[in-house]
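Subject: Structure handover and findings

Hello,

I am passing a structure on to you. Please open it first, then read my notes beside it.

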Amino acid sequence: MKDRITVCICTFHRNQMLERLLRSLKLQETTGLFDFSVVVVDNDASGPARDTVMRLKAELGLEIDYGVEPEQIIPAARNHALRLARGNYIGIIDDDEFPSQTWLVTLYRAIQTFEVDGALGPVFPFFDRKPPGWLLKGRFCARPVHRTGTTLDWSQTRTGNVLLKREVFDKRQLRFDLKWKTSGSDRAFFKQAIQLGCRFIAVKEAPVYENVPPERWKKTYYLKRALVQGFNAHRNSAGELRGISRLLMPLKSAAALVAYAIALPFAACMGTHILVRCMEGGGHHFSRLLAMLGIELIKKRDF
């Protein structure tokens, strides 16, 4: 039988971006190698994306299954999407992204060529209009791009652009952990999967593009992001540290926090992009220190 890919999308009040994504999926090339369908899970009990999804389903002729997940945390929405998915391959893309026309077929071929469990492509920022200079100069929206075939460590993974064999979930009984309420459930998932023997690679030629709206052009956005990532970074790494490394971890974060605090007034004189980088670094280590005490500053992702 021909392979089938289910592209899973979790959405939350981004109907315009979701429409752009669904229209781009309609243009996906398969070269006859597989069939594909789409699952959209609305992470709001009121179902604000329902009308958009139903309209585009009729207009585009896409096979779309729609569901509503009332628990407003991303791992719950991702698990709901998995329950609706019918393919033996699972694609995952964010609702604020849109792919190149050969996205799926490139990831699919890479999985076959390298005989791996999944493939992840790069995510590039996309601006509808020119953003502030400091945002571009500081490369705050840029992510690392790895050579095709590179075996990825869990710390290099995310679910914004990925194709996985369904057996990664079913054979190993893996799902996204509901304890990760703000972010980090994707890396925690990949970490567990890799520990169980799965192998994931990078595919440079399968990019998606992430919309960066004006709401993410604010300095406070990157400070909040750093606070969330600092807390989750501690949760993900704490279990791996032993002995002296475990004892040194709070000292390293404390020293880094002091260094960033001292550097802050100098950074302000060097440009906004340097200032925001300094704020990010300080926020990250401050959040890590609080995480060691069990304190989570941001408990709900609303930015």
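Below are notes on pockets, salt bridges, a surface patch and some backbone points.

This is a predicted model: local features need pLDDT of at least 70, side-chain atom pairs count only at pLDDT 80 or more, and totals for chains, interfaces and linings use all residues. Residues are numbered from 1 along each chain as its sequence is written, and side-chain values use heavy atoms, with hydrogens and water left out.

**Empty space**

Rolling a probe the size of a water molecule over the atoms shows where empty space is left. The search ran on a 1 Å grid over the protein atoms alone. A cavity is a set of points where a 1.4 Å probe fits but cannot get out. A pocket is an open set with protein on both sides within 12 Å along at least five of seven lines. Lining residues have an atom within 4 Å of a point. Grid points are joined across faces, edges and corners, and a volume is the space filled by probe spheres set on the points.

Take the second largest pocket. It holds about 210 Å³ of space. Its lining includes Gln 16, Met 17, Arg 20, Asp 128 and Trp 217. Helix H1 (residues 15-26) gives the largest share of that lining, 3 residues. Helices (H or I, at least four residues) and strands (E, at least two) are DSSP runs, numbered from the N terminus. By type, the lining has 7 nonpolar, 2 polar and 3 charged residues. Here Ala, Val, Leu, Ile, Met, Phe, Trp, Tyr, Cys and Pro count as nonpolar, Asp, Glu, Lys and Arg as charged, and the others, Gly among them, as polar.

There is 1 cavity of 30 Å³ or more. The largest cavity contains about 30 Å³ of space. Cys 8, Cys 10, Arg 78, Ala 81, Leu 82 and Ile 92 line it. H3 has the largest share, 3 residues. The lining of this cavity divides into 5 nonpolar, no polar and 1 charged.

**Salt bridges**

The count is 21 salt bridges. The rule is a side-chain nitrogen of Lys or Arg within 4 Å of a carboxyl oxygen of Asp or Glu.

Arg 20 pairs with Asp 128, with the closest N and O atoms 3.4 Å apart. This pair links distant parts of the chain: Arg 20 is in helix H1, and Asp 128 is in the loop between strand S7 (123-126) and helix H5 (133-137), 108 residues apart. Both residues also line the second largest pocket. Arg 20 is partly exposed at 31% relative accessible area, while Asp 128 is exposed at 62%. Buried means under 20% relative accessible area, exposed over 50%, partly exposed in between (1.4 Å probe, protein chains only).

Arg 23 and Glu 59 form another salt bridge, at 2.9 Å from N to O. It too links distant parts of the chain: Arg 23 sits in helix H1 and Glu 59 in helix H2 (residues 50-60), 36 residues apart. Arg 23 is partly exposed at 32% relative accessibility. Glu 59 is partly exposed at 46%.

Glu 63 and Arg 86 form a salt bridge with closest N and O atoms 2.8 Å apart. Glu 63 is in the loop between H2 and strand S3 (64-68) and Arg 86 in the loop between helix H3 (74-84) and strand S4 (89-93), so the pair ties together parts that are 23 residues apart in sequence. Salt bridges with shared partners also join Arg 14, Asp 95, Asp 96, Arg 143, Glu 210 and Arg 216 into one network.

**Surface patch**

Phe 286, Leu 293, Ile 295 and Leu 297 make a nonpolar surface patch, with about 380 Å² of accessible area together. Patches take residues with over 30% relative accessible area and no salt bridge; like charges are joined within 9 Å, nonpolar side chains (Val, Leu, Ile, Met, Phe, Trp, Tyr) within 5 Å. Accessible areas come from the Shrake-Rupley method with a 1.4 Å probe; for residues, only the protein chains shown count as cover. Phe 286 lies in helix H10 (residues 272-292). Its relative accessible area is 36%, which is partly exposed.

**Backbone**

Most residues other than glycine have a negative phi. Thr 31 has a positive phi, near 45°. Thr 31 is in the loop between H1 and strand S2 (34-42). Gln 173 also has a positive phi, near 50°.

Best wishes
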